[in-house]
Amino acid sequence: MAISTKLEMRQSQSLIMTPQLMQAIKLLQMSNLDLVAYVEAELERNPLLEKGEGDAAGTTDSSEAEPGTGAGQNSDGNEALDPQGEEPGANDWMQSDLETGSEAIASRMDTDLGNVFPDEPGVPASPEPAVLKTGDSYKNNASNGASEDYNLEAFVAEEASLATTLEEQMHLALSDEVDKLIGGHLINSLDENGYLYLDLTDTADQLGVDVERVERVLAVLQSFEPAGVFARDLAECLKLQLIDKNRFDPAMEALIDNIEMLAKRELAALKKICGVDDEDLIEMISEIRALDPKPGSVFGTSLVQPVVPDVFVRPANDGTWAIELNSDNLPKVLVNQTYFAKVIKTARNEVEKEYLTDSLQTANWLAKSLDQRARTILKVSTEIVRQQDGFLTYGIEHLRPLNLKTIAEAISMHESTVSRVTSNKFMATPRGIYELKYFFSSAISATVGGDAHSAEAVRHRIKQMIDAEDPKAILSDDTIVKILKDDGIDIARRTVAKYREAMKIGSSVQRRREKKVRL
């Protein structure tokens, strides 16, 4: 067979990931906080973008006035007239009718101003007349004085941290500089919960001191507030808190030494080890539960960000559901076409023209992407509400099994698009705020060929059964399976055990021991 070169023409279709398409996909899966940060960065980077203040959900294009036109100027840069058509300051009542000289006021009051206002900072010590500022000069002086003499940030108290609180106590408890150095090293080695996961021998070698000295300093630090800090494990943390409360007696010490048995609910064995009866053991367990296993967490510096819903669902007057986007949660941008038309004429070379053209294209694509993102979220949310109408009306027991494919086919979109929309998005309903992914759950088949049941609804049903069980007749996993099958839910025992463990509910043996103690 001869080898030769030849030309061929082929026609094919392919999807190319352009930068604009990548931007739209990126915006679609962003949370509201990430989206706001991204838009703020684009506003700083792109001179043709402006922050919109409209009420419309989404974004709009606008031919706004060029940047720099102030509220008190017209488009020609001249000072605007007031509503009556007079020049600014024409009716200023403070210009000439008031007494502005201190001598005139003092003569009228028949005494020196210092006798009337002895602590007044605005009264000059010299007989020079005081000037009463009016108009813009007064405003500028007030703003300068507020920034120089009345800085509000200077009065804000610094948030107390765990390290700062312990260092303050250390300087009062320790006087030797070497001990303070050891104490500072131990404080800096604490984790956010106040535990000290540090080998004292290695620490002594690192600091060049004896291990006994490190242990002495540690003993002092373990007496600091909050009680329980500098513990090496949970048992020592609880021990330090009980010592602080003067409740660390021999029986409590035996209970702390066998804390693993308490976790396993081996209460009969604990009574023998501690040498107490049922009533005393219940009281000791109650005291243990009242302690804080993470004493350093009260000084946590991480702020809890509240969940801001992206969609609101409210009952309508006609019995349906009204779905609307959270307009306060949607950043709005404007594309300044007027400014672009003006500056493009003054471009000195092709580089500047290309930069302005790219900026305009980027601004238009961002506005379009934000609008499309809002429309897609609303479309997906509307279909979710239609599918889960029973949950919104009657509760979690009526939550239907749902997957991404069902929503995608209903709104004629791809599953990946629906997946991006439901990521990090929240819906506010009359039953609470839920992430959009919450409404998607796997299906559990029915026993007699009826409608499938949602896994989330089955988990809720299991929890209700366990919460309402009789302490004298604890439900085992097999019993729960039998009850669910009698109600038409085909479920395996291992599935019940998996759901129970996911909800952090103990086995029937553990629950029997725990509820027996409560009786």
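User: Is Lys504 buried or exposed?
Analyst: In this predicted model, Lys504 is exposed, because its relative accessible area is 78% and the cut-off for exposed is over 50%.

User: Where does Lys504 lie?
Analyst: In the loop that runs between helix 22 (493-502) and helix 23 (508-518).

User: What about phi of Lys504?
Analyst: Phi there is near 60°, a positive value in a residue other than glycine. Most residues other than glycine have a negative phi.

User: Ok, and what is phi of Ser412?
Analyst: Ser412, also not a glycine, has a positive phi near 60°. The residue sits in the loop between helix 18 (404-411) and helix 19 (415-421).

User: Buried or exposed, that Ser412?
Analyst: Ser412 counts as exposed, because its relative accessibility is 67%.

User: Switching to helix 18. At what angle does it pack with helix 16?
Analyst: About 115°, with the axes of the two helices 10 Å apart. Helix 16 covers residues 350-387. Their crossing is right-handed.

User: Which residues make the contact?
Analyst: Helix 16 contributes Lys379, Val380, Glu383, Ile384 and Gln387. From helix 18 come Thr406, Ile407, Ala410 and Ile411.

User: And by class, how many are nonpolar, polar and charged?
Analyst: Five nonpolar, two polar and two charged residues make up the contact of helix 16 with helix 18.

User: Last topic, the peptide bond from Glu225 to Pro226. Cis or trans?
Analyst: The bond from Glu225 to Pro226 is cis, with omega near 0°. Most peptide bonds are trans.

User: Where does Pro226 lie?
Analyst: Pro226 is in the loop between helix 9 (211-221) and helix 10 (234-244).

Methods. Residues are numbered from 1 along each chain as its sequence is written. This is a predicted model: local features need pLDDT of at least 70, side-chain atom pairs count only at pLDDT 80 or more; totals for chains, interfaces and linings use all residues. Side-chain values use heavy atoms; hydrogens and water are left out. Helices (H or I, at least four residues) and strands (E, at least two) are DSSP runs, numbered from the N terminus. Buried means under 20% relative accessible area, exposed over 50%, partly exposed in between (1.4 Å probe, protein chains only). Axes are lines fitted to C-alpha atoms, for helices over the stretch in contact, and angles run from 0 to 180 degrees between N-to-C directions. A crossing is left-handed if the near helix is turned anticlockwise from the far one by less than a right angle, and right-handed if clockwise. Contact means heavy atoms within 4.5 Å. Ala, Val, Leu, Ile, Met, Phe, Trp, Tyr, Cys and Pro count as nonpolar, Asp, Glu, Lys and Arg as charged, and the others, Gly among them, as polar.
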